[in-house]
Amino acid sequence: MQDLIKNFCELSSFLANTYETECGYFTTDREKYTFVYDQGLNLAALTEGAPLIKGGLLEKCMKEGREVVGTVARNVYGKRLKLYARPIFDENGQVVGSYGVAVHKLHRVARAFEDLAKPLAEAFPEGAMLTVSDLEKIAYRQSSSKFDIPGLQVGTLLKEDGIAKECIRAQKPVMKDIDASVYGVATRGILVPLFDPDDKMIVGTFGIYLPRTLAFSLQELASKLNTSIQEIAAVMEEVAASAGEISSNEGQLSERVKEVVEISAEINEVLDFIKNVADQTKMLGLNAAIEAARAGEYGRGFGVVADEIRKLSDQSKETADRIRKLTREIESKLQVVNQAAEGTLKQSQEQAAATEEVTASVMEMSRMAEQLAEVAKNL
Amino acid sequence: MKNVQMVIFRLSDSYFGVDIMKVREIMALVPITPLPTSAPYLLGVINVRGKVVPVVDLRMKLGLPCQEATDDSRLLLVEKDGKVAGLLVDEVSEVLTLSSDDIETTAQMEVGSYSESVEGIAKLDDRLLIFLNVEKLI
């Protein structure tokens, strides 16, 4: 076994070259790495003398005395690794260590990214921004000559409420229109999750960000237009409602006016009665005066009474006439009010008709705006 | 200087007066039963508490233009020798006491158009009252 291990270490530099990705050849005793040939891994925990991970794959390999192949998560050594290990036996058949290879487990997409990303980004007519991320930050990015998102650099932490985290949580492709306030320019982000081919765990995302300048503006415009139109429509409804109120108030006013006119007519009837009484009283007074005159001396006192009666009736008549004049004035004033009310009613009716026309036009515009928004969405 | 009490009434726009002693009663207008008669100013008769009283259109009698009766029209019941007649007038306004000094008799004036029944003219404030002699009217 010793020779095997010796050859293994000697061959490691030659064999490591055959790997297209970063890797490391190693041997361990029961506690620590005893030999490491590192090709690009640069992991502090995977160096000669570094202790083995408690309960890790290598311990398992040595405990169970058999070959072990497994994936080590990124947070253990700092990179996602695929580990291949075999135990080292001594002459007595006891496990004294392990030997194997650690390979950087890079997703196919990430591996191809450097070659494909640039031509792909330039292929988009308005330019594009491509990214690959792990579960926490941007790992790779490629901008185009026409479009770049300066806020997304290698190492930029993924925002908790951002589209990448959303994709990671959903573990499904996500497409989202992103407001200009996020990256400085309106974009559409299309992200797909990347899974480990062995254990099917999500390891990161691959994203394309497209600028949404023209289409986005159009969509926003259409949406704003729609909102404005709806507001106008709401105001028109209020105007129509208030016109309706005026109309019903007019109706009530007209009722009140009618009532007053009726009362006025009743007053006139009463006045007629009073006038009648006054006339008869006067006649009574005159006749009393006549009788008084005929009664001569004895009738003189009665004559005075008769005079007073006549005065009373004259006053009554005078007052009745004044009242009649006043009620006539009231009636004529009510006429004026009625006419004015009719005029207002006509105006508000015209207003209501105009409002309906405007509302119809606004509805038309609203439909057009909706259509516009649809078109913009599909751009 | 004698004081005369007069009942003042109106025909058209002119005011007339008759001696109150000659007046029996003042009445509102009631329906008149027409009589076939030669005198056009005799409108007909009415029933006053059982008595039949003839009614005279005083305007016509005095030659004044005819007018429709109004709500203010009255019947002046006057008396001569126990006989009663009703004079249709436009309005009975008041009872006045005048002194004979206020009355200028026709003897003192130019003769007017209805001289027979006019006994005199009385001045009162800015009004002129034509003092009629009832005896001559009926």
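Me: How many helices and strands does the secondary structure of chain A come to?

Reply: In this predicted model, chain A comprises 8 helices and 10 strands.

Me: What share of the residues in chain A is buried?

Reply: Of the 379 residues in chain A, 25% are buried. As for contacts in chain A between residues at least 6 apart in sequence, 51% join residues at least 24 apart.

Me: How should I read the interface, and how many residues of chain A are in contact with chain B?

Reply: The size of an interface is often given as the accessible area lost when the parts come together. A count of residues in contact is used here: 8 residues of chain A meet 11 residues of chain B. On the side of chain A that touches chain B, helix α7 (residues 213-294) gives the most, with 7 residues. By type, that side of chain A holds 5 nonpolar, 1 polar and 2 charged residues.

Me: How should I read a nonpolar core, and which residues have the most contacts inside the largest one?

Reply: In soluble globular proteins, nonpolar side chains tend to be buried together. The largest nonpolar core here has 37 residues, and those with the most contacts inside it are A:A289, B:V7, B:I20, B:L76, B:L87, B:L88 and B:V89. Helix α7 of chain A supplies the largest share of this core, 6 residues. Another core, of 23 residues, lies apart from it and includes A:C61, A:V68, A:V101 and A:A102.

Me: Which residues is B:L88 in contact with, leaving aside its neighbours within four places in sequence?

Reply: With those neighbours set aside, B:L88 is in contact with B:L43, B:V55, B:V56, B:D57, B:L58, B:S73 and B:L75.

How values were computed. Residues are numbered from 1 along each chain as its sequence is written. Chains are lettered from A and ligands numbered from 1 in the order in which they are written. This is a predicted model: local features need pLDDT of at least 70, side-chain atom pairs count only at pLDDT 80 or more; totals for chains, interfaces and linings use all residues. Two residues are in contact if their C-beta atoms, placed from the backbone, lie within 7 Å. Helices (H or I, at least four residues) and strands (E, at least two) are DSSP runs, numbered from the N terminus. Ala, Val, Leu, Ile, Met, Phe, Trp, Tyr, Cys and Pro count as nonpolar, Asp, Glu, Lys and Arg as charged, and the others, Gly among them, as polar. A nonpolar core is a set of buried Ala, Val, Leu, Ile, Met, Phe, Trp, Tyr and Cys residues joined through C-beta atoms within 7 Å. A residue is buried if 20 or more other C-beta atoms lie within 10 Å of its own, exposed if 12 or fewer, and partly exposed in between; C-beta atoms are placed from the backbone.
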